[in-house]
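Q: I would like to learn how to read the interfaces and the ligand site of this model. Can we take them one at a time?

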Amino acid sequence: MAWTGLSIGLDALSYGMVLFIISIGLSIMMGLMRVVNLAHGAFAMIGGYLASFALKNAGVGYPLAIVLTVLGTIAIAFPLEFLLYRRIYRKSDELTQILLTIGIAFVIIGVANYVLGPTTKPIPLPPLLSGPVDLGFRMIPAHRIFVVICGVCTAGLLWLLIDRTEFGIRLRAAVDNGDMAESLGIKTQILFSATFALAVGLAAFGGVVGAELLPVEPFYALRYMVTFLVVVSVGGAGSIPGAVAASILLGLADTTGKYLAPEYGEFFFYLAVILVVFLFPNGLLGRRH
Amino acid sequence: MTDRTMVDGMSAPRLTLPLELRAVAITLALGALGYALFPDDLAFLTRLISIALLVLSLDLVTGYCGVASLGHAAIYGVSAYVVGNACLAGHSDPLLLLLVGAVAGAVMGLVSGALVTRFKGLPQLVLSIAVGQLVAALANKLSTLTGGSDGLSGISPGRIFGIYAFDMYGRTGYVFSVAVLLIVFVVLLRIVRSPFGLLCQAIKDDGLRARMIGARVYPRLVLMYGVSGVVGGIGGALNAINTGVVGLDSVGFERSAEALVMLVLGGAGSLWGALIGSIVFQVFEHYVSAANPFHWMTMVGALLIAVVLFAPKGLVSLGGLLAGRTASVLRRRP
Amino acid sequence: MSQSLLELRNVSMSFGGMRVNDDISFSIGKGERVALIGPNGAGKTTLVNVISGDLTPSQGAVQLAGVDVTGLPISDRVDAGLIRTFQITRLFKSLTVAQNVALAVMQRKGLTRQIFSSPMDRPDVRREWERALGTLGIAHLADRQVSKLAYGQQRLLDLAIGLALEPKVLLLDEPAAGVPSEESSKIIEAIDRLPSDIAVLMIEHDMDLVFKFARRVLVLANGKLIFQGDPAEVTHHQEVRRAYLGSYADARHAS
Ligand SMILES: Nc1ncnc2c1ncn2[C@@H]1O[C@H](COP(=O)(O)OP(=O)(O)OP(=O)(O)O)[C@@H](O)[C@H]1O
Ligand SMILES: [Mg+2]
């Protein structure tokens, strides 16, 4: 029984970390640019596809594949930023944003399906990560541990970036008061573009390392579209600790629910969402506006 | 379009009658046109009407109250399941089933409205999604009531007024659906111009200002959600009655998202927009999706982007623009 | 004291650590005309937000005709006759001018529950919204879409909505600021002709207008009520002069 608990706990934690890595970019984007980006999952999916191609077809090593994937996804996403996203930063209403970004997600899904087919693309793990790890009393999939480490590192590095660098200072100033930041001469457009690239890069990274848990196929973008949005809302847009807390909480709700009552599907996940939104409408650790 | 109807409705009370008569005439003409164009595919048209009711229902909360919902299919689907079960339990009078659907929809609408309109912005959107997904997960789980992934089948409604049986060509179903749509549409035209309807639009425009004229915002929004539930519920009931089966897709996220797409395509905040959007989208879908479902997705996406960029107020505004131009050209002629 | 319609007791309002209203007490009786003045950022609008119920004060109480309304929702205060206008106009943009005012009339009469009929044209309702529009000289704009109004016309409409609600206590936040003179004279006229028994609190920067309108002046500076009394005395009051000159000097310093 205790083992089951441990096992659920680790699964929940690793699932939560994947949610975190992917969602945190969306969260920062929503905190700063106030964009409800329903295509965020599509960028994670593109990351997965690129990694699959790099590993299987181009024979690149795993670490290099991750780097190439992140850069490649940013390169693919940037024209979209330039042509479309710029129009909806900060100003337009929610409905417009939802529709535009659902539109982008649909196009990406359609194209992926047409070009790559409807099948799930494998992302082979290096031997080091594909086997189990012996903890002495229990065997644990190495990949789960790897994902958790990735999540912790992402959170730590982001914290350093936002708390300790010039970029972070500007970012926080702009989040706190966009118009003021503009008048202080912070070039918000460049800041927005950089943040967009960061968000997309994180999504791609999460898409690759999380592919074991969220398999890469064309409907990925639609399937997890709302999950990521939910994580951001529950955590509070723009808050790193909030996103961590929300990811772990929702990862736990989902994993436990699926272990104990698999036939209920996502029922417990969304029940938890409704409860948390009612208890913390500004997010677990979000600030009031 | 809305501008004009509103002005009509207020400055000259005698004009309200022609407005509703016009709606009746246009709906009947569309019904006849549909029959002429797709005589062998009435099943498609009845489905179209059922979805159009869902889109109208969504328009009431999104277009008239400013609540962006991505979970509206919950109302439609629950009512379809309730109607299906009522029919299987032996209550097969189609009018009774419509009533059952309307009541089920109203209950669902009030419940989801009470949850969703409590907050604004992101929490609101997420709550609408969560309600939809919760219902979808339940529908999957409660397979004794819903037939799970196989769907609920074998629904065979009785005769309308005890006279007209549903025939295999779907003629009765089609006429029945057009009549229901017509009645609902005319009633809604009145509701959106009633003080209650105006107040909802006022809340959409500026909630704080509405409070400062004494409006109780939350109860009004919940009530509009209830009205929306009735309309969506009737749509779900028509779906169950006409097709005889109810599947999980009728509560799914895709159904909700598609309804929103149709609404915005036509023009949110206008009942005509909801109607036009659902017709154009589904006719388009009928042809393209049959040819290649994957291209279909790409095209819907591209269409959405185009609408947002070039016609943010929907097709109905383009229509209004066109009509305005034509009118002014005609006026210039002696 | 029993005559007082609106009374504030030790009201304070803070945002984060910033005290924008600091321990403010005053009362306004039936039929009184009171001006609230003070430099930019003094906290005047915030005070109106607190009184009208948009903000809950951090401390203190707001009473309306002897009843404590501090925790009550906005709509209950409106029902009790506490009506405000906005410094930055807020109107229902997708409705027509007439609908904006008619909605206020119907809300007051409890008709907005009606979901099927259209009582906008009922003679009693129609008479009221036409009168409110007429008072401000915008009856000819009745069918105009609000989004197509000029700024001055919007200000007139904002006030017309307020009048249509039949206030007992009316809070006006700079009703004539930034309005072209033609419209501002209509606004001033309308304020002059308000029923004599209602209490009016008007925020205003234009001192000529203040002298013309008010029997009593409240001066707010840095969130504190530093003067209340006869308009004739206000210009000689040392602290008031300092508050205004100070802010003037600061402004010059900053630019
Ligand atoms: N919601 C809020 N959150 C934080 N600070 C606020 C908020 N509302 C107002 N303030 C601050 O409170 C102070 C007083 O603002 P207020 O609008 O009440 O001034 P005012 O006297 O009406 O000025 P003006 O004459 O320019 O209209 C300002 O410094 C303003 O920045
Ligand atoms: Mg002010």
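Predicted model: local features only at pLDDT ≥ 70, side-chain atom pairs only at ≥ 80, totals over all residues.

Q: What area is buried between chain B and chain A?

A: The size of an interface is often given as the accessible area lost when the parts come together. Buried area is that loss, with a 1.4 Å probe, summed over both parts. Between chain B and chain A it is about 3600 Å², and carbon and sulfur atoms give 87% of that. Chain B brings 37 residues to the contact and chain A brings 40 residues.

Q: How many salt bridges and polar contacts are there between chain B and chain A?

A: A salt bridge puts a side-chain nitrogen of Lys or Arg within 4 Å of a carboxyl oxygen of Asp or Glu. A polar contact is a pair of N or O atoms within 3.5 Å; within protein, one must be able to donate a hydrogen and the other to accept it, and residues adjacent in sequence count only if both atoms are side-chain atoms. Between chain B and chain A there are zero salt bridges and zero residue pairs in polar contact, with both residues at pLDDT 80 or more.

Q: Which element gives the largest share of the side of chain B that touches chain A?

A: Helices (H or I, at least four residues) and strands (E, at least two) are DSSP runs, numbered from the N terminus. H6(B) gives the largest share, 14 residues. By class, this side of chain B has 28 nonpolar, six polar and three charged residues. Here Ala, Val, Leu, Ile, Met, Phe, Trp, Tyr, Cys and Pro count as nonpolar, Asp, Glu, Lys and Arg as charged, and the others, Gly among them, as polar.

Q: How many salt bridges are there between chain B and chain C?

A: There are four. In one of them, C:Asp158 pairs with B:Arg209, with the closest N and O atoms 2.8 Å apart. On the side of chain B that touches chain C, H9(B) gives the largest share, seven residues. That side has 17 nonpolar, five polar and nine charged residues. Chain B and chain C bury about 3300 Å² between them, 61% of it on carbon and sulfur atoms.

Q: Which residues come nearest to ligand 1?

A: A residue is near a molecule if one of its heavy atoms lies within 4 Å of it. Of the 13 residues around ligand 1, the nearest are C:Gly41, C:Lys44, C:Thr45, C:Thr46 and C:Gln87. H1(C) gives the largest share of the shell, three residues.

Q: Where do N or O atoms of C:Gln87 meet ligand 1?

A: A side-chain N or O atom of C:Gln87 is 2.9 Å from an oxygen atom of ligand 1. C:Gly43 uses a backbone N or O atom, 2.9 Å from a ligand 1 oxygen atom.

Terms used: Residues numbered from 1 in each chain as written. Chains lettered and ligands numbered in written order. Heavy atoms only, no water. Contact = heavy atoms within 4.5 Å. Buried area = accessible area lost by both parts, 1.4 Å probe.
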